[in-house]
Amino acid sequence: MHSIEQFQERVRAAAADKTPLRIRGGGSKDWYGQRLEGEILDTRGYRGIVDYEPTELVITARCGTPLAEIEAVLAERNQMLAFEPPHFGEGATLGGAIAAGLAGPRRAASGGVRDFVLGAKLLDGKGDVLGFGGQVMKNVAGYDVSRLLAGSLGTLGLLLEVSVKVLPKPFAETTLCLELPESEAIRKLNEWGGQPLPLSASSWHNGVLWLRLSGAQAAVDAAVRLIGGEIMSNPACLWEDLREQRLPFFGGDDALWRLSLPSTTEALPLGGVQLIEWGGAQRWLRSELDAAAIRGAVSAAGGHATLFRGGDKSAGVFQPLQSAVARIHERLKNSFDPAHIFNPGRLY
């Protein structure tokens, strides 16, 4: 079992020697982001649920706590992490899920990772423990720091502990299957998204649209009657396989791009094959096109593109930042990690 004091000693020594550290939990997302650099700082020994109050819908746990353990404890009280974080491996930890900032199929209905982070304890590059959150605790720069850590890939410091809002599991859940071409599926998703329907997930690929409906039984039944389609008999595996990218679509050899777009964006002619989620706002692309062509088309549509898996990372995994935003990133990095020892180069 690691202690905060052990982490502090390691961080201060690394800062003094300018030795890079690679913060790592289960390593299930080592492939995500730019290069991996530095001596491994293993978080798995610092684990355990610190506090869980089901009636308050909040759980607090240490960074090395297995994600599966968190979900099992919540399931006992019929609750869940509503952003459905992907594991991508048996060793996934809560700290890694927050640092990666990745959400699953329920994202469009419930919100992203940072929407559920209420507070955090961070070990910065000086070896100091900083506490943020509860409700909205902001630093002098005006940032809600606890939520800023979501998606930072460990570049700002070691996330020691995090408090996360949880939600009750829905009373009823049904998945519908409809055969629709891409353009019609996008149009329908936006049409249904503008109505008071209990849509909790969507996925379109190769002419087939899946819709998950979650909520009160009466609301789900009414939505089924309105939308139509075929009711799937065992839908849980579909959404879990989508979340964990175990569907055949994700097994190709081409680079996998994650496109973030306005949900109403028409079908983009980028070659390759696509899978559409989040009501049209997230589109997965398998294509041989180069990064400039893909990012150019996506930017013109008002979105951005991430090289999620595979491909040539020399073009940058994440969409290049505008100069003003890049300066903000640089100032934040210098503030939290002045010696630049944490996961250097992992984001940009």
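Which residues point one way from strand 16, and which the other way? Gln282, Trp284 and Arg286 point one way, while Arg283, Leu285 and Ser287 point the other way, and all are buried. Buried means under 20% relative accessible area, exposed means over 50%, and partly exposed lies in between (1.4 Å probe, protein chains only). Helices (H or I, at least four residues) and strands (E, at least two) are DSSP runs, numbered from the N terminus.

This is a predicted model, in which local features need pLDDT of at least 70, side-chain atom pairs count only at pLDDT 80 or more, and totals for chains, interfaces and linings use all residues. Residues are numbered from 1 along each chain as its sequence is written, and side-chain values use heavy atoms, with hydrogens and water left out.

**Strand 16 and its sheet**

Strand 16 covers residues 282-287. Six of its six residues are buried, so the strand is largely enclosed by the rest of the structure. Two strands pair if DSSP finds at least two bridges between them. Strands of a sheet pair through backbone hydrogen bonds, either parallel or antiparallel.

| Strand 14 (residues 255-260) and strand 16 | antiparallel | six | Tryptophan 257 and leucine 285 |

The hairpin of strand 15 and strand 16 has four residues between the strands. In this hairpin, tryptophan 278 takes a positive phi near 55°.

Serine 203 sits in strand 11. Is serine 203 buried or exposed? Serine 203 is buried, with a relative accessible area of 2%. Leaving aside neighbours within four places in sequence, serine 203 is in contact with Val208, Leu209, Trp210, Trp239, Leu242, Leu275 and Ile276. Contact means heavy atoms within 4.5 Å.

**Helix 7**

Helix 7 spans residues 217-227. Its buried residues are Val220, Ala223, Val224 and Ile227. Seen down the axis of helix 7, these fall within an arc of 105°, so they line one face of the helix. The arc is that of the directions from the helix axis to the C-beta atoms. Ala218, Arg225 and Leu226, on the other side of helix 7, are exposed. What covers the buried residues includes strand 10 (172-179), helix 6 (182-193), strand 11 (199-205), strand 12 (208-215) and strand 13 (230-231). Glycine 228 follows helix 7, and its phi is positive, near 80°.

**Nonpolar cores**

A nonpolar core is a set of buried Ala, Val, Leu, Ile, Met, Phe, Trp, Tyr and Cys residues joined through side-chain atoms within 4.5 Å. In soluble globular proteins, nonpolar side chains tend to be buried together. The largest core here has 32 residues, of which Leu81, Phe83, Ile98 and Val164 touch the most other members. At least two residues of this core come from each of strand 4 (58-62), helix 2 (67-76), helix 3 (94-100), strand 6 (117-123), strand 8 (158-165) and helix 10 (323-336). Not counting residues up to four places away in sequence, valine 164 touches Leu57, Val58, Ile59, Leu81, Phe83, Ile98, Phe116 and Leu118. A second, separate core of 21 residues includes Tyr32, Ala100, Leu242 and Phe249.

**Pocket and cavities**

A cavity is a set of points where a 1.4 Å probe fits but cannot get out; a pocket is an open set with protein on both sides within 12 Å along at least five of seven lines; lining residues have an atom within 4 Å of a point. Grid points are joined across faces, edges and corners, and a volume is the space filled by probe spheres set on the points.

The largest pocket holds about 1200 Å³ of space. Of its 43 lining residues, Gly151, Ser152, His329, Leu347 and Tyr348 are the closest to its centre. Helix 10 gives the largest share of the lining, six residues.

The structure holds two cavities of 30 Å³ or more. About 360 Å³ of space lies in the largest cavity. This cavity is lined by 28 residues, and Ile23, Gly25, Gly95, Gly96 and Ala99 lie nearest its centre. Helix 3 gives the most to the lining of the largest cavity, with five residues.

Methods
1 Å grid on protein atoms, 1.4 Å probe; cavity = no way out; pocket = protein on both sides within 12 Å on 5 of 7 lines; lining within 4 Å.
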